[in-house]
Amino acid sequence: MQNMEQVFLYMKDEIEREAGSEEKKILDEVQRLEEEAYESMKEEAQKDADLQLKQVVAELASHASTEISESHIERTKKLIEKRDGYVKNIFEEALKQLNDFVASDEYKDFMIQKIKKVVQEYQLPNSIMYIRKEDEKMKADLVKAYGIDIDVAIDEKIHIGGFVVENKESSMVIDETLDLALTSQREWFNKNSGLIIK
C-alpha cells in the first residue's frame, strides 16, 4: 500500500513537473508572441509617424513655395509699378520741355533747319508737308525753306510739333515730328535704361 502511495506521489510530482514545464513553455511562447506583437506595432507606428512627417514636411514645403512665389510676384509687381512711375515722370517732363520748346522762338528756326536738311538729302518735288494746326502761321516760311513746290496740309495726328513730308510719286514718307521722336526715345529708353524687371 505504501508502494502505491509512493507511486501516486511520484506520478503527482511527475505530473506537476510536466505541468510546470508546459506552463513555462506556454508562458515563454506568450511572452515571445507579445514581444513580436509589440515590435510589429512599434514598426507600424514608426512607419505611420514617418509617413505623417513626410506629409507635413511636403505640405510645409508646398506652403513655403507658394508664399515665396506670391511674395516674388508681389515684389515684382511693386517694382514694375515703381519703374513705370519713373518712366511716366521722365516722359511727362520730356513732353513738358518739348511743349515749352515748341512755344519758344527757337522752334521756328528748328523747323526751318529740319526742312532744309530734308530737301538736301531727298529733294522731293510734288510732295505734301503735314503740320499741326498751331504751326499754320509759319506755313509761308516753311514753304520758302523747302525751296521747291510743296503743298502744306494740317494733320490732326501731330500733337507736339514738327512735320511729315510725303512724296506723292514715290510714296516716301519722312517723319520729322516731335511726336515720333518722343515715342522713339521712349522705346529706346525701355530697351536700354537697365530698368528691365525679371
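Is Asn126 buried, exposed or partly exposed, and at what relative accessibility? Asn126 counts as partly exposed because its relative accessibility is 37%; buried means under 20% relative accessible area, exposed over 50%, and partly exposed in between (1.4 Å probe, protein chains only).

The structure is a predicted model, in which local features need pLDDT of at least 70 and side-chain atom pairs count only at pLDDT 80 or more, while totals for chains, interfaces and linings use all residues. Residues are numbered from 1 along each chain as its sequence is written, and side-chain values use heavy atoms, with hydrogens and water left out.

**View A. Asn126 in the loop between helix H2 (106-122) and strand S1 (127-131).** Helices (H or I, at least four residues) and strands (E, at least two) are DSSP runs, numbered from the N terminus. Although Asn126 is not a glycine, its phi is positive, at about 60 degrees.

**View B. Ser171 in the loop between strand S3 (163-167) and strand S4 (173-175).** Ser171, which is not a glycine, has a positive phi of about 60 degrees. Ser171 counts as exposed because its relative accessibility is 56%.

**View C. Asp135 in the loop between S1 and helix H3 (139-146).** With a relative accessibility of 1%, Asp135 counts as buried. A polar contact of 2.6 Å joins the side chains of Asp135 and Tyr107; the term denotes a pair of N or O atoms within 3.5 Å, where, within protein, one must be able to donate a hydrogen and the other to accept it, and residues adjacent in sequence count only if both atoms are side-chain atoms. Not counting residues up to four places away in sequence, Asp135 touches Tyr107, Met111, Gly161 and Gly162 (contact means heavy atoms within 4.5 Å).
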